[in-house]
Amino acid sequence: MRYSHLLFDLDGTITDPKIGITTCVQYALDSFGIHETDLDRLEPFIGPPLKNSFMDFYGFGEEQAQRAVEKYRERFSAVGLYENELYPGMDLLLRDLKEAGILLAIASSKPTVFVEKILDHFGIRTYFQVVVGSELSGARVEKEEVVKEALAQLLERPEDRKTTAMIGDRKFDILGGKRLGLHQIGVAYGYAQPGELEEAGAEIIVATVAQLRQVLLGE
């Protein structure tokens, strides 16, 4: 179909943030006396809100999890956000989508201040009409809240939802888009667990950036 508006997740969809995120989680855990040497074990932190992940994966209480997030950001704000890379072909896809007249937005659970810095770092900020993330205060971290705000800023008419898609690599992206009446495109090259995107009921699943291009531009 012809899409008029597209909302992109950032981590695991536009960029591969594994090194930056997992080493910052490692840094935070170290401060609590938890020494995780296998960064692969920390991949589930890529995507969902950080505070929730510290609680879900390491049994932290709410206050402890908040302190872990603060330790994470201590390293991430200085180093971790740049330990990141664009997926091959993504910059050209974003350029061509904009040139095709499709309006683009970022809808990320990462704090907006970090999202903006990453987009600027890779020289792709200009492709996005709207950039929405969470707040450093902890507000608006759930993906549905982020998508809702992005839609409020991006769409001029309610009926535009019929030609709008949410694109992301985790179930949170798919479910957030679905609950708000959007099409959903899951990217399997990111950090979803096996079967995660299928279980979430993604309308379309692609395995590569090239396949995503085919879906979005018909090329």
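Predicted model: local features only at pLDDT ≥ 70, side-chain atom pairs only at ≥ 80, totals over all residues.
## Helices H1 and H2

Helix H1 covers residues 18-30 and helix H2 covers residues 50-58. Their axes come within 13 Å and cross at roughly 60 degrees. That angle makes H1 oblique to H2, and the crossing in which H1 passes H2 is right-handed.

On the H1 side, the residues that meet H2 are Val25, Ala28 and Leu29. Their partners in H2 are Leu50, Phe54 and Tyr58. By class, this contact holds six nonpolar residues, with no polar and no charged ones.

## Helices H6 and H7

Helix H6 runs over residues 143-154 and helix H7 over residues 171-179. The two pack at an angle of about 50 degrees, and their axes are 8 Å apart. H6 is therefore oblique to H7. The crossing of H6 past H7 is right-handed.

## Helices H4 and H9

Helix H4 spans residues 90-99, and helix H9 spans residues 209-217. They pack at an angle of about 10 degrees with their axes 10 Å apart. Because angles under 35 degrees count as roughly parallel, H4 is roughly parallel to H9.

From H4, the contact takes in Met90, Leu92, Leu93, Asp96 and Leu97. From H9, it takes in Val209, Leu212, Arg213, Leu216 and Leu217. Eight of the residues in the contact of H4 with H9 are nonpolar, none is polar and two are charged.

## The largest pocket

What is the volume of the largest pocket? It is about 380 Å³. The lining of this pocket consists of 28 residues. Those that lie nearest its centre are Pro48, Pro49, Leu50, Ser109 and Pro111. Leu50 also belongs to the contact between H1 and H2, where it is one of the H2 residues.

Several elements contribute to the lining: H2, helix H3 (62-76) and strand S4 (103-111) each supply at least two residues. The largest share comes from H3, with five residues. By class, the lining of the largest pocket has 13 nonpolar, eight polar and seven charged residues.

## The second largest pocket

The second largest pocket holds about 240 Å³ of space. Its lining is made up of 16 residues. Nearest the centre of this pocket lie Pro48, Pro49, Asn52, Lys171 and Phe172. Pro48 and Pro49 are also among the residues nearest the centre of the largest pocket.

Which helices each supply at least two residues of the lining of the second largest pocket? They are H2, H6 and H7. H2 likewise supplies at least two residues of the lining of the largest pocket. The lining of the second largest pocket divides into five nonpolar, four polar and seven charged residues.

Methods:
Residues numbered from 1 in each chain as written. Heavy atoms only, no water. Axes fitted to C-alpha atoms, helices over the stretch in contact; angles between N-to-C directions. Helix = DSSP H or I, 4+ residues; strand = E, 2+ residues; numbered from the N terminus. Parallel < 35°, antiparallel > 145°, perpendicular 65-115°, else oblique. Left-handed = near helix turned anticlockwise from the far one by under 90°. Contact = heavy atoms within 4.5 Å. Nonpolar A, V, L, I, M, F, W, Y, C, P; charged D, E, K, R; others polar. 1 Å grid on protein atoms, 1.4 Å probe; cavity = no way out; pocket = protein on both sides within 12 Å on 5 of 7 lines; lining within 4 Å. Points joined across faces, edges and corners; volume = space filled by probe spheres on them.
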